[in-house]
Amino acid sequence: QDTLNPNYPYQLGKALALQRKKLQMGQSYLDAFTIDTLHLNSIYEVARFFKSLHIRDSSRLFIEKGLRLDSLHINLNKLKINELYRQEKYNEAISRLKTLDSIIPNDLYNKKMLARSYFNIDSLDLAKVNFEAAKKLDKEDFKILTYLGHIYKAKKDTRKAMINYLRATKVGAKERSEEYFSLGMLYLEKKEYLTAIGMLKIAVKENRRRHKILYQLAITSDSFYKDKKIAYNLYDEYIMRFEEKDKDITAFVKNRMKEIKKELFLKGEKV
């Protein structure tokens with residue numbers, strides 16, 4: 001062992017990573033950095049290690065140090081871009097992504113992040129171009145199709161929006177609540193209420209933690225069904241599960257439940 005060679009603790013860190021010994025791994029990368037504070041690979045791994053622990057200030061410190069040594073370091077730039085995106089500094093993220101895109105033009109990460117960043121600043125045409133490029137590089141990522149659906153919906157092209165949402169539900173292997181919810185909202189716009197309710201029910205099953213989907217199902221059922229007990233039961237479920245989530249929605253739901261109870265009482269019916 002050469003105690004003055006940073007490559008030894010660095011390689012040890014790599015071996016410990018394979019063994020899933022996270023803390024020992026991080027310490028090895030820190031040891032390598034201590035030996036040589038200009039060792040870029042160690043700086044990157046330390047930055048990534050602190051990020052995985054959600055110690056963002058320390059991670060940011062090492063990212064900035066690494067980028068001062070090599071402003072075009074691809075992986076450090078990706079860490080920096082992730083941080084900028086998290087902080088909603090989309091224009092700064094785009095600037096770095098464009099630089100990376102000129103170095104590695106067909107990189108999937110770049111295309112996705114450029115697309116998502118443009119989407120978040122409402123540059124929908126540029127977002128679409130990059131999502132289409134990303135789709136060619138990764139045919140399994142159904143979220144690309146979801147974003148394309150959102151773009152076409154914003155452009156008032158309901159047919160293409162629906163096609164992309166439907167494709168996303170077919171391609172997606174993970175939960176697809178966003179896709180079914182988006183389809184439900186499109187069917188609502190088309191006044192196809194029964195189909196919309198069907199899509200919202202699937203969205204609720206896909207992810208039972210999203211309170212706004214259950215709320216949307218409840219108010220849509222309230223508008224569509226003459227039998228108000230259906231909506232009442234959905235409102236009741238919302239209160240039982242999500243009363244603390246959103247005070248405005250909760251206030252509306254409780255008030256509507258009182259109104260429905262009164263309507264049913266006047267008809268001689270019970271909830």
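Contact here means heavy atoms within 4.5 Å, and helices are DSSP runs (H or I, at least four residues) numbered from the N terminus. You are looking at a predicted model, in which local features need pLDDT of at least 70 and side-chain atom pairs count only at pLDDT 80 or more, while totals for chains, interfaces and linings use all residues. Residues are numbered from 1 along each chain as its sequence is written, and side-chain values use heavy atoms, without hydrogens or water.

Next, show the side chains of Met25, Gly26, Ser28, Tyr29, Ala32 and Phe33, the buried residues of H2. They lie on the same side of H2, because they cover an arc of only 160° around the axis (the arc of the directions from the helix axis to the C-beta atoms). Buried means under 20% relative accessible area, exposed over 50%, and partly exposed in between, with a 1.4 Å probe and protein chains only.

The face turned away from the buried side carries exposed Leu23 and Thr34.

Then move to the loop between H3 and H4 and pick His54. His54 is not a glycine, yet its phi is positive, about 65°. Most residues other than glycine have a negative phi. At 59% relative accessibility, His54 counts as exposed.

For the last stop, select Glu88 in the loop between helix H5 (74-86) and helix H6 (90-103). Glu88 also has a positive phi, near 65°, and is exposed, with a relative accessible area of 57%.

Key: Helix = DSSP H or I, 4+ residues; strand = E, 2+ residues; numbered from the N terminus.
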